[in-house]
Amino acid sequence: MKILIDSEPFDPWKVLDEYQKDKADLAGQYGATTVFVGTMRDFNEGDDVSEMFLEHYPGMTERHLENICLQATGEYQLLDSLVVHRVGTIKPNEPIVLVAVWTAHRKQAFEACREIMEDLKSKAPFWKKEQLNDAQDRWVEKNTRGY
Amino acid sequence: MGVDVKFFASMRDIIGDDCEIDAEILKAKSIKNVDDIWNYCAAGKERPANVLIAVNMDYVDAETLVKEGDEVAFFPPVTGG
């Protein structure tokens with residue numbers, strides 16, 4: 001299991017490739033890998049968004065992401081999990097979050113990946129501040145529903 | 001050693017920067033729980049109904065008791081991902 005809070009842009013596919021190569025001991029054990037990548041849009045609630053600042057609560061963020069993954073590991077028999085989340089200034093089309101899980105079978109993989117993502121969005125202490133094209137900024141008040 | 005109080009995102013815009021309430025003030029002002037912390041720091045501003053609270057990085061409610069050495073945080077609903 002790995003949790004990473006990253007203040008620099010990251011390539012989720014490269015991160016995933018490197019992480020999986022380092023997990024040679026899992027080869028042959030997992031039959032399913034699910035991956036979720038969240039990317040910044042250039043619009044929200046009818047407005048054009050030019051960039052976003054992602055704030056977090058250092059320490060609490062990592063603790064809650066770890067708890068979320070540990071809970072999913074027990075519930076869905078995960079063989080491994082990986083969460084990477086951006087903070088700082090983000091531009092449209094840049095990845096915000098990567099969630100990946102490895103399991104023996106697809107059912108647990110699909111369900112666990114979604115549950116980790118939904119728990120992250122409702123529990124992990126991150127906050128988005130959007131910069132609009134007219135130079136105004138605003139805090140995002142709530143996330144869109146995932147179910 | 002007192003209590004560290006942190007405000008994040010829009011809560012910082014409303015209340016201001018982080019602060020530390022020292023042990024003498026905790027005693028003098030009879031600050032016992034999270035609600036007392038808010039009332040001391042917010043100087044009369046009403047606590048928003050949707051504010052989230054953490055003590056030592058665990059979610060709690062406003063009635064939770066605090067003690068010297070604790071870290072108390074107030075923040076709006078989270079919007080990561």
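This is a predicted model: local features need pLDDT of at least 70, side-chain atom pairs count only at pLDDT 80 or more; totals for chains, interfaces and linings use all residues.
1. A:Thr89 in β6(A) is the bridge partner of A:Phe53. The strand pairing here is between β4(A) and β6(A), residues 88–90. Three bridges hold the two together, and they run antiparallel.

2. With β8(A), residues 126–132, the pairing is antiparallel and spans seven bridges. Within β8(A), A:Trp127 stands opposite A:Glu55.

3. β4(A), residues 47–56, also pairs with β3(A), residues 43–44. The sense is antiparallel, over two bridges. A:Asn44 faces A:Asp47 of β4(A) across this pair. The two strands make a hairpin, with two residues between them. Check A:Glu45 in the turn: its phi is positive, about 50°.

4. Now the open sheet of chain A. Four strands are ordered β1-β5-β7-β2, and the pairing is mixed. β1 (2–6) and β2 (32–39) are at the edges. Each has a single partner strand, so one side of each lacks a neighbour in the sheet. On average, neighbouring strands are turned by 5° against each other, direction ignored.

5. Which strand of chain A is joined to β5 by six bridges? It is β7(A), residues 95–103, and it runs antiparallel to β5(A), residues 80–86. A:Val97 in β7(A) is the residue opposite A:His85.

6. α3(A), residues 106–123, lies across β2, β5 and β7 of chain A. The angle of α3(A) to β7(A) is about 150°.

7. Next, the contact between chains. On chain B, 13 residues are in contact with 23 residues of chain A.

8. Last, confidence. Chain B has an average pLDDT of 96. In chain B, 100% of the residues score at least 70. For the model, ipTM is 0.95 and pTM is 0.95.

Methods:
Residues are numbered from 1 along each chain as its sequence is written. Chains are lettered from A and ligands numbered from 1 in the order in which they are written. Two residues are in contact if their C-beta atoms, placed from the backbone, lie within 7 Å. pLDDT is the predictor's confidence in each residue, from 0 to 100. Two strands pair if DSSP finds at least two bridges between them. Axes are lines fitted to C-alpha atoms, for helices over the stretch in contact, and angles run from 0 to 180 degrees between N-to-C directions.
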